[in-house]
Amino acid sequence: MSLFCFTGSIAQVVLPKILGNGMVLQRNQPVPIWGTAKAGEKVAVKFNGQTKTTIADDAGKWIVTLKPMPASVNPSTLIIAGTNTIKLTDILVGEVWLCSGQSNMQYEMRKNSKVKKPDTSIANSPVDELDRAHNPQIRIFLVTQKNLQKPDSTHSSWSVAEDSALRAFSAVGYFFAKNLNHDLKVPVGIISAAVSGSRIEPWAPQEAFDAIPYFKTSNIKIEGDPGKFYAKMIQPLAPFALKGFLWYQGESNCYLGETISYTYKMEALINNWRKSWNNKSLPFYYVQIAPFYYSQSKGAVPYTEFTEPELREAQTMALQIPHTGMVITTDLNDDLKNIHPPFKWEVGRRLELQALANTYGQKKLVFCGPMYKSMKIIGNKIILSFNYAGNGLVSSDGKPLTDFTVAGKDGKFVPAIAAIKGNTVEVSADGVASPVVARFAWSESAQPNFYNKNGLPAAPFRTDNPLKFTTTTN
């Protein structure tokens with residue numbers, strides 16, 4: 001009943017909170033506009049020369065769909081008329097993305113303002129972004145655990161990305177939007193729905209996990225309040241037209257010592273969110289967790305230096321899910337005792353690279369660091385091949401490559417000598433005459449110097465990955 005507003009006995013037209021003044025509507029695709037009214041009431045929606053009418057159903061729900069529109073920086077007014085008339089002003093048309101996850105996605109711009117500057121000689125440091133941000137083409141909407149539950153008669157939840165509204169907003173989301181606006185030259189709307197400390201399970205309902213055969217065959221019970229945040233913070237946003245999703249989460253599940261089960265949980269979430277928006281190909285770009293001393297913590301399970309790389313391996317395997325992409329962050333923590341590292345501007349930039357290349361068709365753009373593809377053994381060396389070599393492989397500091405290890409049949413890993421040969425890396429080690437497996441950055445503390453020439457770090461991996469992941473047809 002909270003979606004209804006009564007004046008005497010007349011049920012007025014009411015809009016969900018995501019529809020408001022100053023919002024950005026998604027360009028070049030159908031745009032749903034919906035709400036509630038008195039059952040049987042006629043509702044008309046007018047915007048940019050379009051007029052759509054419908055009748056509220058027996059439950060008082062109504063929806064119309066605007067035809068696809070080109071981007072527009074010129075503010076327009078959306079009129080919804082029934083028993084009452086609502087005028088939403090200052091509306092732009094451009095690109096809209098939803099970002100979600102736990103604390104590293106929630107990490108506010110006010111915190112970004114307090115981090116140590118990476119280089120004090122840099123003018124216009126991203127640390128100072130709050131001081132100059134006032135681009136009216138970037139609009140933000142912050143979701144909390146409470147604010148979608150009731151409609152807002154003032155329709156004022158969207159804001160220009162500036163001042164106090166931006167202070168409380170996701171730094172990753174903002175820097176993604178800033179870069180996208182700069183590169184596409186269209187308005188950008190960014191929605192942030194993130195909760196500090198949250199596991200993945202609350203972000204998808206129980207039925208999403210039930211639809212994944214893995215959880216039935218493995219008898220793994222889904223714990224951690226499945227659906228809690230989905231019901232409050234994600235489901236009420238649908239079907240607001242989006243271009244895609246951004247996700248930064250995993251630390252809380254790393255503390256549970258998860259491996260392949262996390263991959264399947266990601267699949268459950270991705271499938272469910274796409275189903276909620278009725279689009280199986282909505283892009284889902286996510287961030288791999290950064291180096292951190294999990295082994296120095298006490299928690300639900302014993303931790304070792306390999307707890308984190310095993311979770312990161314599970315994140316990498318989620319790339320087998322169609323229309324996904326992953327940002328690598330092995331170089332983005334300057335204090336391994338800090339689980340909330342700075343450099344959120346770079347995380348946002350790398351997410352935007354994924355979107356530019358894979359969503360917006362800039363196919364020649366290098367959007368990812370080197371990722372392990374295959375290996376072959378020649379004598380006492382293992383030859384490693386990589387995808388996403390970009391303009392070539394390189395040591396970022398000009399020194400020998402670090403954090404490669406090899407092992408023979410005895411399974412004892414020792415540090416390896418690694419040399420770049422074209423788009424491959426040759427690894428070998430004294431005392432290992434017949435190597436059979438290799439690993440790279442297989443430690444929570446690894447911050448290796450192996451990159452492509454485009455400045456993007458390589459993804460951690462092990463050639464002896466024992467995990468198996470089979471995607472579910474959705």
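Start with the second largest pocket, which holds about 380 Å³ of space, and bear in mind throughout that you are looking at a predicted model. Select Thr 316, Met 317, Leu 319, Met 371 and Tyr 372, which are the closest to the centre of this pocket among the 16 residues that line it. If you colour by element, you will see that helix 11, strand 16 (371-378) and strand 25 each give two or more residues to the lining. By class, the lining of this pocket divides into 9 nonpolar, 4 polar and 3 charged residues.

Is their crossing left-handed or right-handed? Helix 10 and helix 11 cross in the right-handed sense. To see the contact itself, show the side chains of Ile 260, Tyr 262, Thr 263 and Met 266 on helix 10, and those of Leu 311, Ala 314, Gln 315 and Met 317 on helix 11. In this contact 6 residues are nonpolar and 2 are polar, while none is charged.

Strand 25 also gave residues to the pocket lining, and the next stop is the sheet to which it belongs. This is an open sheet of 4 strands in the order 20-19-23-25, with antiparallel pairing. Strand 20 (414-415) and strand 25 (461-462) stand at the edges, and because each has a single partner strand, one side of each is left without a neighbour in the sheet. Now select strand 23 (residues 437-440), which runs antiparallel to strand 25 and is joined to it by 2 bridges. Which residue of strand 25 stands opposite Phe 440? Select Phe 461, and you will have found the residue that faces Phe 440 across the two strands.

Next, look inside the protein, where there are 2 cavities of 30 Å³ or more. The largest cavity has about 70 Å³ of space, and its lining includes Met 326, Val 327, Arg 350, Gln 354 and Phe 367. Strand 15 (324-327) and helix 12 (344-358) are the elements that give two or more residues to this lining, which divides into 7 nonpolar, 2 polar and 1 charged. For the second largest cavity, with a volume of about 40 Å³, select lining residues including Asn 104, Tyr 248, Glu 251, Phe 292 and Asn 338. Here the lining divides into 7 nonpolar, 3 polar and 1 charged.

The tour ends with some details of the backbone. Zoom in on the loop between helix 8 (228-234) and strand 13 (244-248), where Pro 239 lies, and inspect the peptide bond from Ala 238 to Pro 239, which is cis with omega near 5°. Then move to Asn 28, in the loop between strand 3 (24-26) and strand 4 (31-36), where phi is positive at about 60° although the residue is not a glycine. Finally select Asp 403, which is found in the loop between strand 18 (393-395) and strand 19 (404-407); Asp 403 is likewise not a glycine, and its phi is positive, near 70°.

Technical notes. Residues numbered from 1 in each chain as written. Predicted model: local features only at pLDDT ≥ 70, side-chain atom pairs only at ≥ 80, totals over all residues. Heavy atoms only, no water. Pairing = 2+ DSSP bridges. Left-handed = near helix turned anticlockwise from the far one by under 90°. Contact = heavy atoms within 4.5 Å. Nonpolar A, V, L, I, M, F, W, Y, C, P; charged D, E, K, R; others polar. 1 Å grid on protein atoms, 1.4 Å probe; cavity = no way out; pocket = protein on both sides within 12 Å on 5 of 7 lines; lining within 4 Å. Points joined across faces, edges and corners; volume = space filled by probe spheres on them.
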